[in-house]
Amino acid sequence: MPLIVHAWPAWVLGGALVLAWMAIGLGAQALFPRRWRERATATDHRVALASLGVIATVNALLLAVSAVSVRDAFAAEQAVEREATAMAQLARSLAVYGTPESRLARERLRGYGRSVIGKEWIAMQRDQASLPTLDAFDDLYRTLGDLHPAAASEGALLAQIWTQANELLSQRRARLLAARGQVPATLWAVVLASSLLTLAPVAALPVSACSRGAIVVLALVPGLVLPVVVAMDRPFLGAGRVSAAPIENALAHMQRWDTRWIADAPSSSSSPSRPGAAPLR
């Protein structure tokens, strides 16, 4: 499915599909050879209705398969929230560690979060990852490698820092994986073709208010179902896309931590050589 379609609001896409299917169905009915329709017998009509039932059943199954294909789209929002949580935990641990190297790592973590929001969120809408964001993440890891514990307590905290960094990496990968299309292009083509085939048997029926009503009903099915599948297929694209608010909140909490530490620093009784060693809040 073209990416521009995913950017349309659901009501626009649904309405366009309904109108397109109605136009195709009514057009096929109008263009169906009149002499063939006049020669059709009651048995031919029953065969057409039976064919319609079979095709509609197959189409419903294909739509169900499409919905199952995008079931993992619901994990996209969870991946963002978990990535933001890992970012916040890592930021606090680095602040508590309190060495110049840990403060540099914390600033690079902040830069990574800003790059996710400002660059990678836009890249994910084009089914891509941001190389500058990946570079920022690699810089963070290299800085973490410069942390060398001088005491047993620092060693325990450093182990926790690496656990949180690896969790951040896992959730970053989960977010990028969720940004990719979940429905294969072949399945999209089959679903659209099967939806169109449901209109073929109706075109052979006698022109009447009943047959035209059937075309309208058949047009409503893809108009209602496909926009939902399209929206879940690309959770980071479109009006209902996943928000970057959790990561923004994590950055805001980092700033709040720094602001409170600066305010409390003159009256703090902690060691001046380790200004970042404040209790977790």
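Author: One definition to start: contact means heavy atoms within 4.5 Å. With that, Thr-198 touches Leu-52, Ile-55, Ala-56, Asn-59 and Leu-218, leaving out residues up to four places away in sequence. Also keep in mind that this is a predicted model.

Reader: Ok, and where is Thr-198 found?

Author: Thr-198 lies in the loop between helix 9 (185–197) and helix 10 (199–203).

Reader: Is Thr-198 buried or exposed?

Author: Thr-198 has 4% relative accessibility, so it counts as buried. The cut-off for buried is under 20%.

Reader: Zooming out, how many helices and strands does the chain have?

Author: The secondary structure comes to 12 helices and zero strands. Along the sequence, the pattern reads α-α-α-α-α-α-α-α-α-α-α-α.

Reader: What share of the residues count as buried?

Author: 38% of the 281 residues in the chain. The accessible surface comes to about 14800 Å², and 65% of that belongs to carbon and sulfur atoms.

Reader: And among contacts between residues at least 6 apart in sequence, what share join residues at least 24 apart?

Author: That share is 84%.

Reader: Let's talk helix packing. How do you describe a pair?

Author: Two packed helices are described by the angle between their axes and the distance between the axes.

Reader: Then at what angle do helix 6 and helix 8 cross?

Author: Helix 6 (residues 100–124) and helix 8 (residues 152–178) cross at roughly 10 degrees, and their axes come within 13 Å. Angles under 35 degrees count as roughly parallel, so helix 6 and helix 8 are roughly parallel to each other.

Reader: Which residues make the contact?

Author: From helix 6, the contact uses Leu-109, Tyr-112, Val-116, Glu-120, Trp-121 and Met-124. Helix 8 brings Leu-168, Arg-172, Arg-175 and Leu-176. By class, this contact of helix 6 with helix 8 has seven nonpolar, no polar and three charged residues.

Reader: What about helix 9 and helix 11, parallel or antiparallel?

Author: The axes of helix 9 and helix 11 (residues 209–233) cross at roughly 170 degrees and come within 12 Å. Over 145 degrees counts as roughly antiparallel, and helix 9 and helix 11 are therefore roughly antiparallel. On the helix 9 side you have Trp-188, Val-191, Leu-192 and Ser-195, which meet Pro-222, Leu-226, Val-229, Val-230 and Asp-233 in helix 11. The contact of helix 9 with helix 11 divides into seven nonpolar, one polar and one charged residues.

Reader: Switching to the core. How many residues does the largest nonpolar core have?

Author: The largest nonpolar core has 36 residues, and Leu-168 and Phe-236 have the most contacts inside it. At least two residues of this core come from each of helix 5 (75–97), helix 6, helix 7 (131–144), helix 8 and helix 12 (245–264). Helix 5 gives the most, with 10 residues.

Reader: So what does Leu-168 touch?

Author: Leaving out residues up to four places away in sequence, Leu-168 touches Glu-83, Ala-86, Met-87, Leu-90, Leu-109, Tyr-112, Phe-137 and Leu-140. There's also a second, separate core of 20 residues, which includes Val-18, Leu-187, Leu-199 and Ile-215.

Reader: Back to helix 7. Is Thr-143 buried or exposed?

Author: Thr-143 is in helix 7 and counts as buried, at 2% relative accessibility. Leaving aside neighbours within four places in sequence, Thr-143 is in contact with Glu-101, Leu-104, Ala-105 and Arg-108.

Reader: And Leu-144, what is that in contact with?

Author: With neighbours within four places set aside, Leu-144 is in contact with Leu-94, Ala-105, Ile-161, Trp-162 and Ala-165. Leu-144 is found in helix 7 and counts as buried, at 1% relative accessibility.

Conventions. Residues are numbered from 1 along each chain as its sequence is written. This is a predicted model: local features need pLDDT of at least 70, side-chain atom pairs count only at pLDDT 80 or more; totals for chains, interfaces and linings use all residues. Side-chain values use heavy atoms; hydrogens and water are left out. Axes are lines fitted to C-alpha atoms, for helices over the stretch in contact, and angles run from 0 to 180 degrees between N-to-C directions. Helices (H or I, at least four residues) and strands (E, at least two) are DSSP runs, numbered from the N terminus. Angles under 35 degrees count as roughly parallel, over 145 as roughly antiparallel, 65 to 115 as roughly perpendicular and the rest as oblique. Ala, Val, Leu, Ile, Met, Phe, Trp, Tyr, Cys and Pro count as nonpolar, Asp, Glu, Lys and Arg as charged, and the others, Gly among them, as polar. A nonpolar core is a set of buried Ala, Val, Leu, Ile, Met, Phe, Trp, Tyr and Cys residues joined through side-chain atoms within 4.5 Å. Buried means under 20% relative accessible area, exposed over 50%, partly exposed in between (1.4 Å probe, protein chains only). Accessible areas come from the Shrake-Rupley method with a 1.4 Å probe; for residues, only the protein chains shown count as cover.
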